[in-house]
Amino acid sequence: MTEAELIEAWGLFLGNSQTAMALYLSILSGYLIIAYLVGRKLSRTQVIILSTMFVFASSFCTLILTTWWQRALEFALEAQAINPQRLVTNSQGAVRAVAVLFSLGILSSLYFMWNVRHTEIE
């Protein structure tokens, strides 16, 4: 690939990863809103179904985001090999950190739902 093609692919994969991030945040926000507004009123079966769908959807978004971001990093490093003066601020550590943060977001949301459903009414 030429340097221009690498830079274009780099940008496309970063854009795709941003779309996955927006989708993840939408799913997370929707789950938290449902938990807050009606979590206490849902039956156990409904919570299991909702939580399972949430875990699968948000985990898929996390996987896609990190995969696309990893691929963007590969293109960036190839472009940097062609032009060593090119600055690449993305790193393998950042990809891992985002995966960990998103996973913590999933676990925190599940805890939030559990906490809403198990609070004592005073």
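How many helices and how many strands are there in the chain?

1. The chain has 3 helices and 0 strands, and from the N terminus on the order is α-α-α. Helices here are DSSP runs (H or I) of at least four residues, strands are E runs of at least two, and both are numbered from the N terminus.

2. Before going further: this is a predicted model, where local features need pLDDT of at least 70, side-chain atom pairs count only at pLDDT 80 or more, and totals for chains, interfaces and linings use all residues. Residues are numbered from 1 along each chain as its sequence is written, and side-chain values use heavy atoms, with hydrogens and water left out.

3. On overall shape, the C-alpha trace spans about 65 × 20 × 15 Å along its principal axes. The radius of gyration is 19 Å, whereas a compact globule of 122 residues would come in near 14 Å; it is taken over C-alpha atoms, and the globule rule is 2.2 Å times the number of residues to the power 0.38.

4. Now contacts, meaning heavy atoms within 4.5 Å. Of those between residues at least 6 apart in sequence, 84% join residues at least 24 apart.

5. As for burial, 30% of the 122 residues are buried (under 20% relative accessible area; exposed is over 50%, partly exposed in between, with a 1.4 Å probe and protein chains only).

6. Glutamate 74 is partly exposed, at a relative accessible area of 31%. Its C-alpha atom is separated by 9.6 Å from that of serine 91, 17 residues apart along the chain.
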